[in-house]
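My notes follow in the order I took them.

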Amino acid sequence: MGKPYRRILLKLSGEALMGDLGYGIDPTIVQEIAAEVAEVVNSGVQVAIVVGGGNIFRGVKASAAGMDRATADYIGMIATVMNALTLQDALERMEVQTRVQTAIAMQEVAEPYIRRRAIRHLEKGRVVIFGAGSGNPFFTTDTTAALRAAEIDAEVIFKATKVDGVYDSDPHKNPDAKRYQTLNYVHVLTQDLRVMDSTAIALCKENNIPILVFDLSVRGNIRRAVTGESIGTLVGGFCEVS
């Protein structure tokens with residue numbers, strides 16, 4: 001059992017919200033995620049969330065098909081706001097006060113991102129969901145997660161994925177793939193393990209923000225991670241690989 005966390009940033013991929021659907025948002029999955037977040041918030045933990053938009057629109061893929069990259073990325077940012085508003089609705093139906101802050105002004109549906117206001121919301125027990133990425137094209141929501149975590153003084157980034165940690169090779173292709181328990185930032189970067197993009201890893205390294213990678217589909221894993229149970233892979237600290 002490790003130390004419990006008081007303020008976390010939860011990074012959700014857009015794909016996490018679509019469940020087994022091929023596209024869009026699965027309301028059942030969103031409700032399950034909201035229930036886990038609500039449980040953590042009600043225990044006194046401050047929670048911020050960054051959500052991707054890949055379930056609706058993926059800028060890199062559109063750019064590869066010929067769309068201007070900056071335009072494609074802006075469309076992707078708008079997709080993240082759709083996901084953020086969906087999560088907000090699910091959380092508030094569970095009586096968890098939630099604020100969406102966006103890096104692109106959308107004053108009719110969300111607050112603009114203001115660092116001090118975000119921290120104040122967290123201190124009052126509200127969940128803050130950061131939408132529209134960093135507001136800049138050519139940057140991923142992984143980088144946004146690292147940036148916002150540093151800005152709000154989060155103790156850790158929870159990277160909730162479809163796998164139960166970081167492996168030395170693709171576990172879907174290699175049945176003998178080894179799952180790591182602990183890694184340092186340098187090993188992740190040099191071995192290109194794709195925990196997050198390299199800019200995000202470098203930001204976490206510079207600001208000493210650990211990253212915990214775990215399986216979102218296992219019920220109760222967010223609570224287990226918050227309380228310090230040993231799940232997934234922790235990046236940032238001792239490296240079990242020489």
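**Entry 1**

The model is predicted, so I kept its limits in view: local features need pLDDT of at least 70, side-chain atom pairs count only at pLDDT 80 or more, and totals for chains, interfaces and linings use all residues. Residues are numbered from 1 along each chain as its sequence is written, and side-chain values use heavy atoms, with hydrogens and water left out.

I took helices (H or I, at least four residues) and strands (E, at least two) as DSSP runs, numbered from the N terminus. For burial I used relative accessible area: buried is under 20%, exposed is over 50%, and partly exposed is in between (1.4 Å probe, protein chains only).

How many of the 11 residues of α5 are buried? I found 8, so this helix (residues 141-151) is largely enclosed by the rest of the structure. Among the buried ones are Thr 141, Asp 142, Arg 148 and Ala 149. I then checked what covers them: the cover includes β1 (7-12), β2 (46-51), α3, β5, β6 (156-161) and α7 (198-207). Just after α5, I noted a positive phi of about 60 degrees at Asp 153.

**Entry 1: a residue in β5**

I moved to Phe 130 in strand β5 (residues 127-131). Phe 130 is buried, at 2% relative accessible area. For contacts I used heavy atoms within 4.5 Å. Leaving aside neighbours within four places in sequence, Phe 130 is in contact with residues including Leu 9, Ala 48, Val 50, Tyr 113, Arg 148 and Ile 152. I also checked Phe 130 against Arg 93, 37 residues apart along the chain: their C-alpha atoms are separated by 19 Å.

**Entry 2: salt bridges**

I counted a salt bridge when a side-chain nitrogen of Lys or Arg was within 4 Å of a carboxyl oxygen of Asp or Glu. The structure holds 10 of them.

In helix α3 (residues 69-92), I looked at Asp 73 and Arg 69, 4 residues apart, about one turn of the helix. Their side chains meet in a salt bridge at 2.9 Å, N to O. Asp 73 is buried at 10%, whereas Arg 69 is partly exposed at 27%.

Arg 93 and Asp 89 also pair, at 2.9 Å, N to O. Arg 93 is exposed at 54%; Asp 89 is partly exposed at 41%.

Next I took Asp 192 and Arg 194, whose closest N and O atoms are 3.2 Å apart. Arg 194 is exposed at 67%, and Asp 192 is partly exposed at 46%. I also noted one network, in which salt bridges that share partners join Lys 11, Asp 142 and Lys 159.

I ended in strand β10 (residues 211-215), at Asp 215.

I did find a polar contact of 2.7 Å between the side chains of Asp 215 and Ser 217. That term means a pair of N or O atoms within 3.5 Å; within protein, one must be able to donate a hydrogen and the other to accept it, and residues adjacent in sequence count only if both atoms are side-chain atoms.
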